[in-house]
Amino acid sequence: MRPGGPERRPVALLLPGQGAQHRGMAVELYGREAVFTAVLDEFFTYLGDEGAALRDQWLADPPDLVIDDASRAQPLLFAIGYALGRSVECQGIRLTALLGHSVGELAAAALAGVFGLRDAARLMRERAAATADVPAGGMLAAAASVEELRPYLDPGERPDSVVVGARNGPRQTVLAGSEPRLTSVEERLRRHGVPCRRVAARQPFHSPAMAHAAERFERAFATIELRPPKVPVWSTRTGARVSRQEATDPAFWARQLATPVQFWPALDAMLKSRDFLLVETGPGQGLSMLARRHHRVRQGHCEVVPLLPPRAAGALHTYRAAVRRMENTP
């Protein structure tokens, strides 16, 4: 029990991935929140000249980022999510569980101690290099179930297949694949009245087109020390809690590039284990929106708190208000 009050609800971080990014994300915290700033500076230093350039582009006014390119968006999404997590911990808030979407799963692994920040910077460089030569493609969010979308999907595992890239909710599905096939599927969906929109991504993540990139990324993981997580990580690759054996397997982390993101199954499994204060630890509030649709949240057993606003303005106020709410939520 806390002195003078009930035991605090356990905190689970939700760490977003590609598609959550926007220009100016979390910039207001830089230079004003000490831990957040120090962690980001450390990460940028580990990236070398590329890190200095990335920091300058992120902080530029107006921002100078090609925001939907993974080589820029993903290192920043990783770094912002990781730095926010460390900042929250330094407020005295103990992390009880971690759940990351796509590259957010790597931030979750780093926060859990599976690998350190120096190795994480190296992995982010290798992830960008591994995906640089992947054929042009993208991701398409559709307001439909997987079963409803099956007639539009490609059978088999051809590199140009359009497949389910993410299961974000019962009727929130992301398709992924190469061009021009993805555009063809998009046109068919629109003709048939299926609401859909493009995700901010130039690459077909979580599709067969990423198979060779995943193999290359695995070689990078094989050169670093992987440790069992100190905090439970719920994997959006498997939809279950990461085991000690999985955590130390390079293929487990690397092959997620080419496999569907199982966000909803992972969230459902995690919320079956206990009730949480779900804290979205990154830009966009997309995971907060999805989590609020879960029946454990709708029934009041769990609560959702985003650390950042949907857009750049108001980030510092939103972050500090969220931390106060986390400190005061029973």
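Pro 180 sits in the loop between β5 and α7, where helices (H or I, at least four residues) and strands (E, at least two) are DSSP runs numbered from the N terminus. The peptide bond that leads from Glu 179 to Pro 180 is cis, with omega near 5 degrees. The model is predicted, so local features need pLDDT of at least 70 and side-chain atom pairs count only at pLDDT 80 or more, while totals for chains, interfaces and linings use all residues. Residues are numbered from 1 along each chain as its sequence is written, and side-chain values use heavy atoms, with hydrogens and water left out.

**Backbone geometry**

- Most residues other than glycine have a negative phi, and most peptide bonds are trans.
- Ser 102, which is not a glycine, has a positive phi of about 60 degrees.
- Ser 102 belongs to the loop between β2 (95-100) and α4.
- Ser 102 counts as buried because its relative accessibility is 4% (buried means under 20% relative accessible area, exposed over 50%, and partly exposed in between, with a 1.4 Å probe and protein chains only).
- Gln 285, also a residue other than glycine, has a positive phi near 65 degrees, and its place is in the loop between β8 and α12 (286-291).

**Salt bridges**

- The whole structure contains 18 salt bridges, each defined as a side-chain nitrogen of Lys or Arg within 4 Å of a carboxyl oxygen of Asp or Glu.
- One of them joins Arg 198 to Glu 179, with the closest N and O atoms 3.0 Å apart.
- Arg 198 lies in strand β6 and Glu 179 in the loop between β5 (172-178) and α7 (181-191), so this pair ties together parts that are 19 residues apart in sequence.
- Arg 198 is partly exposed at a relative accessible area of 31%, and Glu 179 is partly exposed at 30%.
- Arg 320 and Glu 33 form another salt bridge, in which the closest N and O atoms are 2.8 Å apart.
- This pair ties together parts that are 287 residues apart in sequence, because Arg 320 lies in helix α14 and Glu 33 in the loop between β1 and α1 (34-46).
- Arg 320 is partly exposed, with a relative accessible area of 36%, whereas Glu 33 is buried at 10% relative accessibility.
- Asp 69 and Arg 202 meet through their side chains in a salt bridge with an N to O distance of 4.0 Å.
- Asp 69 lies in the loop between α2 (49-59) and α3, and Arg 202 in the loop between β6 (196-198) and α8 (211-221), so the bridge ties together parts that are 133 residues apart in sequence.
- Asp 69 is buried at a relative accessible area of 16%, whereas Arg 202 is partly exposed at 43%.

**Helix α14**

- Helix α14 (residues 315-328) has 14 residues and reaches 20 Å from its first C-alpha to its last, close to the 20 Å expected at 1.5 Å a residue (the expected span is 1.5 Å times one less than the number of residues).
- The buried residues of α14 are Ala 315, Leu 316, Thr 318, Tyr 319, Ala 322, Val 323 and Met 326.
- Seen down the axis of α14, these buried residues fall within an arc of 165 degrees, so they line one face of the helix; the arc is that of the directions from the helix axis to the C-beta atoms.
- His 317 and Asn 328 are exposed on the other side of α14.
- The cover over the buried residues of α14 includes β1 (11-15), α3 (70-90), β8 (277-280) and β9 (303-306).

**Packing of α3 against α4**

- The axes of α3 and helix α4 (residues 103-111) come within 9 Å and cross at roughly 35 degrees; axes are lines fitted to C-alpha atoms, for helices over the stretch in contact, and angles run from 0 to 180 degrees between N-to-C directions.
- α3 passes α4 in a right-handed crossing, a crossing being right-handed if the near helix is turned clockwise from the far one by less than a right angle, and left-handed if anticlockwise.
- Gln 74, Leu 77, Phe 78, Gly 81, Tyr 82, Gly 85 and Arg 86 of α3 meet Val 103, Leu 106, Ala 107, Ala 110 and Leu 111 of α4, contact meaning heavy atoms within 4.5 Å.

**Surroundings of Val 164**

- Val 164 is part of strand β4 (residues 163-169) and is buried at 12% relative accessibility.
- Beyond its neighbours within four places in sequence, Val 164 is in contact with Val 146, Leu 153, Thr 173, Val 174, Leu 175, His 206 and Pro 260.
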